[in-house]
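Q: I have a model open and would like to learn how to read its overall figures and one of its residues. Where do we begin?

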Amino acid sequence: MKVLVIGSGGREHALVWKIAQSPLVTALIAAPGSAAIGTLATCVNIPVSDLDGLVDLARERTVDLVVIGPEIPLCDGLADKLRAIGIAVFGPSKAASMLETSKAFAKDFYARHNVPTARYGVFDDAVRAKAFLDEFSPPYVLKADGLAAGKGVVIPETREAAEAEIDAFLSGKFGDASRTLVIEEFMRGEEVSIFALCDGKTVLYCGAAQDHKRVGEGDTGPNTGGMGAYSPAPIATLALIDTVMKTIIEPTAAGLAAEGTPFQGVLFAGIMVTADGPKTVEFNIRFGDPECQVLMARIANDILPYLKAAATGHLDQMLPIDWSPEPAITVVMAAKGYPGDYSKGSVIEGVDAANALDGVHVFEAGTSRDAQGRRIAAGGRVLNVTATGESLHYAADRAYTAIDAINWPDGFCRRDIAWRALKTH
Ligand code: ATP
């Protein structure tokens, strides 16, 4: 099977690493890929924004399956363009991607299909938005309707701060993304991410993980794209997974199909486990980054038949995914200053030594190579140090031993990834 993977980050490095292990692969191409991905696949330097260029590449190389990693090309309609020329795609259409593209669309969708979520209102008018705050007690949850790279949610503690944020959102704090605003009830509980493959009709459970969005230890400081993840998540008991599949993921997949926008790819449900049961925080329409890295480390099967079955409507013929009994953890190493300003170009040493450790895989999210072939930092989140082990403690020890083998004075990581699970288990 000739496979094309779209993207260049740590998530795509992990996908390529897992797909490359499949005996079914006859050619593996990545666009644009990265220096690290280039050790496993042939990289073609077409950016994810060049939809026509990517479609031409898939056609010229006669690929059998395209796997789209990031949300932006999905939300822009890359899957539709590929399907229009008869190519199988793991990734939803532009219409089905609305679940992630627009929070207002998503909330109205949950209401139409009885998917449990926080009470909400959608506003483009400040007076009505401020009046709606009467419905709730603090803290208040305000969300930009559109994509804001994980930064479009604020949770003010006071009414005064919430009103000031409403004015800021509607006057374009996040550009056009926040000219429409969702206000919702604050949900108390622990968060967990549940993943399911979907082929338009059938859904298949594809793992649970917890991530750490805040930059600082103890879950403090500003939000980031994610500083680490681990799987399995102790809170995701079989009973919880069953409830989430039945009350949240299956109705969402069925609702999308019933509305004429069947979903093919991976549904990523952000869940709050509240005292009233699991409720939907959000849906994303692709694998999480860095959650994908821990899932790929734990899936025992060949992943390719699953991705192909989701792309071609045959998930009903697949057995449940087999999981390695070993937990996995990913610790993100980021450039100092991230998620604020940071510099690029510093040299990173010791990654090969880290990779040589038992049970360790260093996925590269933002690196390139200089003229001498040395690894250099080329982004905010740079390395995803992933380890498996007999227990989560053991996996965490291995990940931090690997980090200690890496010499990168301009980088940092959180030393407490998986703290919640490690404390209680
Ligand atoms: P992501 O980075 O996951 O894409 P996002 O910007 O799409 O984030 P959400 O996932 O909707 O936004 O919200 C971000 C975070 O804000 C959530 O992970 C959660 O911690 C918090 N949050 C969102 N909605 C609520 C809510 N109703 N009650 C409590 N916390 C919430």
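Predicted model: local features only at pLDDT ≥ 70, side-chain atom pairs only at ≥ 80, totals over all residues.

A: Residues are numbered from 1 along each chain as its sequence is written, and side-chain values use heavy atoms, with hydrogens and water left out.

Q: How many helices and strands does the protein have?

A: Helices (H or I, at least four residues) and strands (E, at least two) are DSSP runs, numbered from the N terminus. The protein has 14 helices and 24 strands.

Q: What is the radius of gyration of the protein?

A: The radius of gyration is taken over C-alpha atoms, and the globule rule is 2.2 Å times the number of residues to the power 0.38. For the protein the radius is 21 Å, close to the 22 Å that the rule gives for 425 residues, so the protein is as compact as a globular protein of that length. The C-alpha trace spans about 60 × 50 × 40 Å along its principal axes.

Q: Is Gly380 buried or exposed?

A: Buried means under 20% relative accessible area, exposed over 50%, partly exposed in between (1.4 Å probe, protein chains only). Gly380 has 7% and is buried; of the 425 residues of the protein, 56% count as buried.

Q: Where is Gly380 found, and which residues is Gly380 in contact with, leaving aside its neighbours within four places in sequence?

A: Contact means heavy atoms within 4.5 Å. Gly380 is in the loop between strand S22 (375-377) and strand S23 (381-388). Its contacts, with neighbours within four places in sequence left aside, are Met333, Ala334, Ala335, Tyr338 and Tyr342.
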